[in-house]
Amino acid sequence: MAKQPVADLCPCGSAAAYSACCGRWHDGALRLMAPTAEALMRSRYSAHARGLATYLQDTWHPHTRPSSIAPPPPGLRWIGLEVRRHMPIDADHATVEFVARSKQGGRAERMHVTSRFERVDGRWLYVEDDAARVCGRPDSCLVSRSPEGNVGALGSAMVLVVSLV
């Protein structure tokens, strides 16, 4: 099997072509239909890397979704994803532990997160991550760290990392 050109690879690190991996959940007939919590988490990471704020909003649980998503800071690049564990809790609930790496202004950051997901009406949705549970609501402890005054495009834990850069 021939290797995919780097430009065509999915940002989630699967080594598959974007169109055959997270791209199918981002657009087209299968949009928003990631079959597992892990697939949704990978597709959300790829959406962050590609600047797809609408997809992030559409895959965020309505009980925890912010009213708006700020754009990422200029120069932020997502450079790697490692999924540590996908833990189904029951048919409609799961957690995914992962490490996401980013770089901005020459400074690299590493974020280790466990996120919760829930399947609602057949679709997996991001609920919150471990940083959000520590603070209460996903936006409560991080709003003051966001220069835009709201939750950033990357969800609460990713805003924390971005804000510390």
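Ser43 is found in helix H2, residues 37–50 (helices are DSSP runs, H or I, of at least four residues; strands are E runs of at least two; both are numbered from the N terminus). The model is predicted: local features need pLDDT of at least 70, side-chain atom pairs count only at pLDDT 80 or more, and totals for chains, interfaces and linings use all residues. Residues are numbered from 1 along each chain as its sequence is written, and side-chain values use heavy atoms, with hydrogens and water left out.

Ser43 counts as buried because its relative accessibility is 0% (buried is under 20% relative accessible area, exposed over 50%, partly exposed in between; 1.4 Å probe, protein chains only). Leaving aside neighbours within four places in sequence, Ser43 is in contact with Cys22, Trp25, His26 and Tyr55 (heavy atoms within 4.5 Å).

Now the rings. The structure holds 3 aromatic pairs (Phe, Tyr or six-membered Trp rings with centres within 6.5 Å; planes under 30 degrees apart are stacked, over 60 edge-to-face, the rest tilted). Tyr45 and Trp78 have ring centres 6.1 Å apart and planes at 75 degrees, so this pair is edge-to-face. Tyr45 lies in helix H2 and Trp78 in strand S1 (residues 77–90), so the pair ties together parts 33 residues apart in sequence. Tyr45 is buried at 1% relative accessibility. Trp78 is buried at 12%.

Trp60 and Tyr126 form an edge-to-face pair, 5.2 Å centre to centre, with 75 degrees between the planes. Ring pairs link Trp60, Phe117 and Tyr126 into a cluster.
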